[in-house]
Structures are given as structure tokens and as C-alpha cells.
Amino acid sequence: MATATAMVPVMEPGVREELRRNDAEAAFRTACDIVRASFPAMRTFRVGLLDDPDEDDRRWVMLEVCLPPSYPWETLHEEEMRFHEAMVKRVPLELNLLFGLHLDYVPE
């Protein structure tokens with residue numbers, strides 16, 4: 001079984017183009033490193049796009065992390081805080097706003 005540190009995200013169509021359009025390829029690589037470091041127990045890592053319902057031509061690159069079904073809330077909360085702190089420190093603010101985080105649980 002692959003460890004979370006080696007996990008490569010599964011990307012939906014259009015993600016690479018959106019990253020290029022926003023000149024955010026390097027920021028994306030950093031964000032993926034932060035996800036891997038922040039959520040070591042993740043089972044799957046996907047990346048998709050979400051249209052902003054309020055602004056035309058604005059999309060978020062969603063980092064979708066799936067965790068084990070019985071993952072403790074306290075641990076998840078600590079990891080999520082670590083993720084956000086690292087994003088603020090390591091990704092420029094104008095690009096930080098491009099990314100969203102979605103946490104989910106793998107069904108049993």
C-alpha cells in the first residue's frame with residue numbers, strides 16, 4: 001500500500017488548464033505537498049474544479065482528501081489547522097485564494 005507522502009492526486013479534466021491560466025503550477029505542487037504532510041492517513045487524494053456561483057469565470061481548484069471512516073474528529077481538526085497555517089505561510093495570498101479544501105470519509 002502506498003503511503004500518503006507518495007500519493008499522487010487524481011486530477012479531473014481541466015485542472016491543469018486552470019492552473020496554467022492562473023500561473024499556479026508551482027503553487028499547486030506546494031499545496032499538494034502540504035496536503036500530503038497535513039493528512040498522513042488520507043486514503044485518496046483528488047483534485048477537481050468548482051465554479052464560483054457569484055463570479056463568472058472564477059473557479060476554485062478543490063483539493064479533495066478522503067480519510068478513513070472512523071477518523072477522530074480531534075485529529076482531523078488539528079490536521080486541518082496545520083494545512084491552513086502551512087498554506088498561508090507557503091503559498092502566495094493571491095494564489096492561496098485559488099485553492100479550496102474538501103474533506104470527506106471513505107465509505108465502509
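Q: What should I know before I start?

A: This is a predicted model, in which local features need pLDDT of at least 70 and side-chain atom pairs count only at pLDDT 80 or more, while totals for chains, interfaces and linings use all residues. Residues are numbered from 1 along each chain as its sequence is written, and side-chain values use heavy atoms, with hydrogens and water left out.

Q: What is the order of the strands in the sheet, and which are the edge strands?

A: Strands of a sheet pair through backbone hydrogen bonds, either parallel or antiparallel. Here, strands (E, at least two residues) and helices (H or I, at least four) are DSSP runs numbered from the N terminus, and two strands pair if DSSP finds at least two bridges between them. In this model four strands form an open sheet in the order β1-β2-β3-β4, with mixed pairing. Its edge strands are β1 (10-11) and β4, each pairing on one side only.

Q: How many bridges join β3 to β4, and in which sense do β2 and β3 pair?

A: Seven bridges join β3 to β4, and these two run parallel; L67, for instance, has Y105 in β4 as its bridge partner. On the other pairing, β2 and β3 are antiparallel over eight bridges. There, G48 has M62 in β3 as its bridge partner, and V47 stands opposite L63.

Q: Where do the helices lie on this sheet?

A: Axes are lines fitted to C-alpha atoms, for helices over the stretch in contact, and angles run from 0 to 180 degrees between N-to-C directions. Contact means heavy atoms within 4.5 Å. Helix α2 lies across β1, β2, β3 and β4, at about 20° to β3. Helix α3 also packs on the sheet, where it touches β3 and β4, and its direction makes about 165° with that of β4.

Q: Is β3 mostly covered or exposed?

A: Buried means under 20% relative accessible area, exposed over 50%, and partly exposed in between (1.4 Å probe, protein chains only). Strand β3 is mostly covered, with seven of its nine residues buried. E64, in β3, counts as buried because its relative accessibility is 16%. Beyond four places in sequence, E64 touches T44, F45, R46, G48 and H102. Compare M81 in helix α3, which is partly exposed at 40%.

Q: Which residues have the most contacts inside the largest nonpolar core?

A: In soluble globular proteins, nonpolar side chains tend to be buried together. A nonpolar core is a set of buried Ala, Val, Leu, Ile, Met, Phe, Trp, Tyr and Cys residues joined through side-chain atoms within 4.5 Å. The largest one here has 29 residues, and L63 and F99 have the most contacts inside it. Elements giving two or more residues include α1 (15-21), β2 (44-51) and α3 (73-90), while α2 gives the most, with six. Leaving aside neighbours within four places in sequence, L63 is in contact with residues including F28, A31, V35, F83 and F99.
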